[in-house]
Amino acid sequence: MQFKVSVIGAGNVGATAAQRIAECRLADVVLVDIVEGLPQGKALDLLESGPVKGTDVRVEGANDYEATRDSTIVVITAGLARKPGMSRDDLLFKNFAIIRGVVAEVAKHSPEAILITVTNPLDAMAQVTLKTSGFPKNRVVGMAGILDTARFRTFVAQELGVSSDSIQALVLGGHGDTMVPLTRYCTVAGVPIGNFLDPAAVDRIVQRTRGGGAEVVKLLKSGSAYYAPAAAVVEMVESILLDRKKVLPCAAYLEGEYGIDGIFAGVPIVLGRGGIEKILEIPLDPGEKQALESSAASVRELVGKLKL
Ligand code: APR
């Protein structure tokens with residue numbers, strides 16, 4: 001069966017994710033955007049890279065949702081990106097309106113799809129996606145934890161001068177300044193990080209990870225990160241389509257797990273053809289639990305403003 005992945009928002013994150021999905025031959029790709037010609041132009045350009053890259057998946061661009069019909073997965077990146085000095089929360093109301101409209105169309109055309117929300121503020125927009133689509137909670141998942149974890153792994157690898165491939169880590173909680181890097185579970189080839197780095201160095205890396213998105217925004221001056229976010233999306237898409245059941249930190253709707261109820265937060269999940277097949281509850285010490293609770297509280301405060 002040939003899968004179809006639709007990507008809503010043909011901007012930096014959406015187009016980069018589309019490129020990687022097509023180049024990995026994971027699925028046919030449909031790009032949708034409100035800007036006339038943009039998704040069609042990028043889709044055509046991407047399609048024409050096929051003969052060179054040795055990929056012949058179909059790539060199509062559209063301004064409406066007909067072409068997305070019966071998608072296996074829909075990735076939602078539509079919305080505004082952060083500008084320097086802007087927090088993810090500043091985007092709240094603008095992106096709320098956009099996501100509501102987008103998800104209503106997506107759900108109508110692909111009622112069986114798995115939805116991956118990328119638009120910020122992530123945890124709140126994932127909740128808007130769940131509510132608007134009316135889909136079961138296993139079919140709505142937010143991308144953030146993989147990105148935050150990848151940043152953490154990159155910084156640890158740089159500090160130690162080893163491959164980032166040898167660093168395992170987990171960043172939980174909301175995708176924002178209150179995210180919770182679980183340093184206790186970070187290992188270098190399975191060996192706890194405390195054997196290699198002193199607490200001050202680990203703390204520096206935690207702080208840099210928390211500000212990882214802002215660091216890129218500041219350098220770019222206009223727009224926000226997209227290579228790493230798109231890579232994280234594609235890892236999720238691949239785990240779902242190929243039913244790899246990878247354990248990945250993603251935003252999931254929690255109903256009591258980790259003592260959190262009725263909001264999305266980043267937790268380790270098993271991601272496969274059934275979407276979120278399982279939420280893994282790992283043991284947390286009191287400090288970690290407290291950090292996760294306060295991260296959840298800030299997500300709850302934001303979601304509360306939306307009066308969903
Ligand atoms: N329907 C479809 N597309 C839309 C809509 C809409 N209602 N509103 C905006 N868009 C499109 C824009 O036209 C633009 O092409 O969404 C795209 C967003 O692209 P960028 O501005 O390049 O933003 P990007 O860097 O891709 O980030 C998108 O992901 O990581 C998050 O914070 C980021 O919320 C932001 C989102």
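Visitor: Which helix does Glu 288 lie in?
Guide: Glu 288 sits in helix α10, residues 286-306. Bear in mind that this is a predicted model.

Visitor: Why does Glu 288 count as buried?
Guide: Buried means under 20% relative accessible area. Glu 288 has 11% relative accessibility, so it counts as buried.

Visitor: Which residues does Glu 288 touch, not counting residues up to four places away in sequence?
Guide: Those are Val 180, Leu 182, Arg 184 and Pro 283.

Visitor: What makes the contact between Lys 137 and Glu 255 a salt bridge?
Guide: The cut-off is a Lys or Arg side-chain nitrogen within 4 Å of a carboxyl oxygen of Asp or Glu. In the pair Lys 137 and Glu 255, the closest N and O atoms are 2.6 Å apart, so the pair qualifies.

Visitor: How many salt bridges are counted between domain 1 and domain 2?
Guide: The count is 1 salt bridge. Polar contacts between domain 1 and domain 2 come to 7 residue pairs, both residues being at pLDDT 80 or more.

Visitor: How much area is buried between domain 1 and domain 2?
Guide: About 3500 Å², with carbon and sulfur atoms giving 72% of it.

Visitor: Which residues have the most contacts inside the largest nonpolar core?
Guide: They are Val 5, Ile 8, Val 75, Ile 116, Val 237 and Ile 269, in a core of 87 residues. Helix α9 (residues 227-241) supplies the largest share, 8 residues.

Visitor: Why do you say this core lies between domain 1 and domain 2?
Guide: Domain 1 (4-142) and domain 2 (145-306) both give residues to this core, so it lies between them.

Visitor: And what is Ile 116 in contact with, leaving aside neighbours within four places in sequence?
Guide: Ile 116 meets Ile 73, Val 74, Val 75, Ile 76, Val 141, Met 143, Met 236, Val 237 and Ile 240. Apart from this core lies another, of 16 residues, including Ala 157, Cys 186, Val 202 and Ile 205.

How values were computed: Residues are numbered from 1 along each chain as its sequence is written. This is a predicted model: local features need pLDDT of at least 70, side-chain atom pairs count only at pLDDT 80 or more; totals for chains, interfaces and linings use all residues. Side-chain values use heavy atoms; hydrogens and water are left out. A nonpolar core is a set of buried Ala, Val, Leu, Ile, Met, Phe, Trp, Tyr and Cys residues joined through side-chain atoms within 4.5 Å. Buried means under 20% relative accessible area, exposed over 50%, partly exposed in between (1.4 Å probe, protein chains only). Helices (H or I, at least four residues) and strands (E, at least two) are DSSP runs, numbered from the N terminus. Domain bounds come from an automatic or database domain assignment. Contact means heavy atoms within 4.5 Å. Buried area is the accessible area (1.4 Å probe) that two parts lose on being put together, summed over both. A polar contact is a pair of N or O atoms within 3.5 Å; within protein, one must be able to donate a hydrogen and the other to accept it, and residues adjacent in sequence count only if both atoms are side-chain atoms.
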